[in-house]
Amino acid sequence: MALANEFTLFPLEHDVLAAGELLNERADWNSRLYVAWGLRQLNSPQALSLANGLQAELEQEAEQVAFVDPAALSHMRGRLFLIQAEVAILTMRLDEAEPLLAKAQAEFAAYPNASAQADLQSLRASMHVDRGEVDAHREAMQNAVDLADQAQDSERQLYYRASLARSDLFRDFELARITWSEQLPHKVDGLSPQCSAALADYRALEHGLASDYLEAARWLNLAYEASLESGQVRRAIAVASNQGYTYTQIADFETALAWLKKGLALARKVRWPGSIGMCLAHTGEALRRVGQTGSARELLRECLQTLSQHPNSHTSMLALNYLGQTELDEGHFEVALQHFEMLGEREMQAHASDMRNNVVLGRARALMHLNRLDEAREVALEAAKAAAVQQQKSSLVELRQLLAEIEKRSGGTPEAVLNWLNLALEQAQALEGFQVPPSLLDAAAEALDQAARPQEAYAMARRAAIARQNSWNISAKHARQQIEIARNERQHARALAHAKETRMNKLQTAHEDLQQLVVLSRELWRQPSPGMIFTALGRALRSVLGVELLASYRPDPAGRALRLGESSKGEHEDLALSVALDDPSHPCAACSRDWSERQQPLASGLTRVFAPMVGDDAIPGVLVLDLAHGQAWGAREQGILRHLSTDAALAFKRSLA
């Protein structure tokens, strides 16, 4: 067992857990300190309990303490204060962490140890990040690097350099890349897990800010695995969240939501507000991008509320940016402008240069929609110049599309509008893995039509329809992504998307369906009670699919049976009041167990359909419908029913909460 002043920054998880199993009341102080140190992120409450208990014992056992080397004892006390401070920082109790760090500093000053002092400076840097104190954060990280150099501690030297380099990318991307890229390894081969995690995290951000999203995703995969192996849970949560953001940028929303779900599950398990807030922010943005603006707004407001005591933190500013974008999508332009102006003030206070482009892009969009076109153009042009200099390639796509829209609204010629759109398309197509937004293709098709180039306009419109259809398929699946999705549903959705991509007329039909589903989904969410939700759902299914909704079943509190909820016709003799979930023959129970539809031919010639309401519960409810004889029921109808049944499940849950 290492002495207290020789501890690895992040011991391997399996080593810490193995040492923890050997602990008992008679375990020596250093063994208990080692386990407490290793558990500070793996199990913060247990780490804090061990640290507090050991600290009390050191104060009470005066006779034993007298025989301990004063330097070792001082370092032991200092480490205990660091554990207590880190747990306070993780739970965003920053004012409590400050005096604990001061006590640790006093212990280390009495018997200097550069490695321990470097760890202290790293915790100070974490505290400054959560407060949005960018300059103080960098100073603390630089101190950590200098102290690691002084200690000639090669592990900490690489770890803290990678961490400092990563933070520098946010301040000045080009300068940081020039300064650090060649100083740090280009591979993780031969590195410890703790250093692999820090290096891969830096390389991922380096590629991500350069809009090289596929390479960023590869590095983030490495960072995630190494973070978990070395007990860096805070970094693992951040990496999962950033991986979700990365896939959101290339419009792979299914993968994005899977990663965001993984990060949020970790964050809610450890209950750290900062980590939960980060996951909420990125999840909100992913939902906004697939058109779920209501859900996005709720998550983003929850994030801002969670971090209300730290408005200048990077996560708070990120959530404020996403909330502004959400308000733009909803047409609340004055509210959006207020959000972006507030973000601009916070960005200036915190010197968060990576937020500057979000501020100007958001302000320009809001000003344009408010018909303040000259102001919008000036802001967008300045932002485009800055984005070009800083190699923010994906931002250039958005800015050039925005300038095209401003040109159009200002009465510019079709050629002038096309010039900006062509520049945006060229930039988008040059980004590996980047999917061109349907809105950009739509705008290009319209401009080509206005420029009397009909064949090119038709081809561009067809590209837009295909891209929109892909987006619709992802949107329809997003709610089910929050739970385990049945393999046959995923395969069916992919096959449906592939078939429809080849047929222009069906793409148009699907787009019209989506527009109608958005209206119907909002109508469901407006209903205050289960009965009104059921009535609205019945109207929707009748109007879109021509089917008759008979009843809804929901699981009882014990999760053992499905109970009849609402029914359109109470005299139906074959609608049981309750169905046991383990009933082997009843289609309603089978439907809930495997989340798949069931069809039952009736003597009357009708077909009875049992459809699961797959929301975010482990046991879905079931809808019962009647289908007329000979009525078409294919992939389109099944997809629409699944979309509406998911919205109904979530609406019922909200109304019953």
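Predicted model: local features only at pLDDT ≥ 70, side-chain atom pairs only at ≥ 80, totals over all residues.
1. Helix 3 (44-60), helix 12 (213-229) and helix 14 (253-270) each contribute at least two residues to the lining. If you plan to look at this site, those are the helices to bring up on screen.

2. How much space lies in the second largest pocket? The volume comes to about 360 Å³. The pocket is lined by 17 residues, and Q41, L42, N43, K269 and V270 are the closest to its centre.

3. Now to R131, which has its place in helix 7 (residues 114-131). Is R131 buried or partly exposed? Its relative accessibility is 22%, so R131 counts as partly exposed; the cut-off for buried is under 20%.

4. The surroundings of R131 are worth a look too. Leaving aside residues up to four places away in sequence, R131 touches L94, D95, E98, H310, N312 and S313. With one of these, D95, there is a side-chain to side-chain polar contact at 3.0 Å. N312 is 181 residues from R131 in sequence, yet the two C-alpha atoms are 6.1 Å apart in space.

5. The largest nonpolar core contains 154 residues, and L58, L82 and Y160 have the most contacts inside it. Helix 5 (residues 70-90) gives the most to this core, with 10 residues. Apart from this core lies another one, made up of 26 residues, including L537, L541, V544 and L641.

6. Which residues does L58 touch, not counting those up to four places away in sequence? They are W29, V65, L73, M76, R77 and L80. L58 is also among the residues with the most contacts inside the largest nonpolar core.

7. Finally, some figures for the protein as a whole. There are 29 helices and six strands. Of the 657 residues, 54% are buried. Taking contacts between residues at least 6 apart in sequence, 60% join residues at least 24 apart. The pair R131 and N312, 181 residues apart in sequence, is one to view with that figure in mind.

Technical notes. Residues numbered from 1 in each chain as written. Heavy atoms only, no water. Core = buried A, V, L, I, M, F, W, Y, C linked by side-chain atoms within 4.5 Å. Buried < 20%, exposed > 50% of the residue type's maximum accessible area, 1.4 Å probe, protein only. Helix = DSSP H or I, 4+ residues; strand = E, 2+ residues; numbered from the N terminus. Contact = heavy atoms within 4.5 Å. Polar contact = N/O pair within 3.5 Å; in protein donor to acceptor, adjacent residues only side chain to side chain. 1 Å grid on protein atoms, 1.4 Å probe; cavity = no way out; pocket = protein on both sides within 12 Å on 5 of 7 lines; lining within 4 Å. Points joined across faces, edges and corners; volume = space filled by probe spheres on them.
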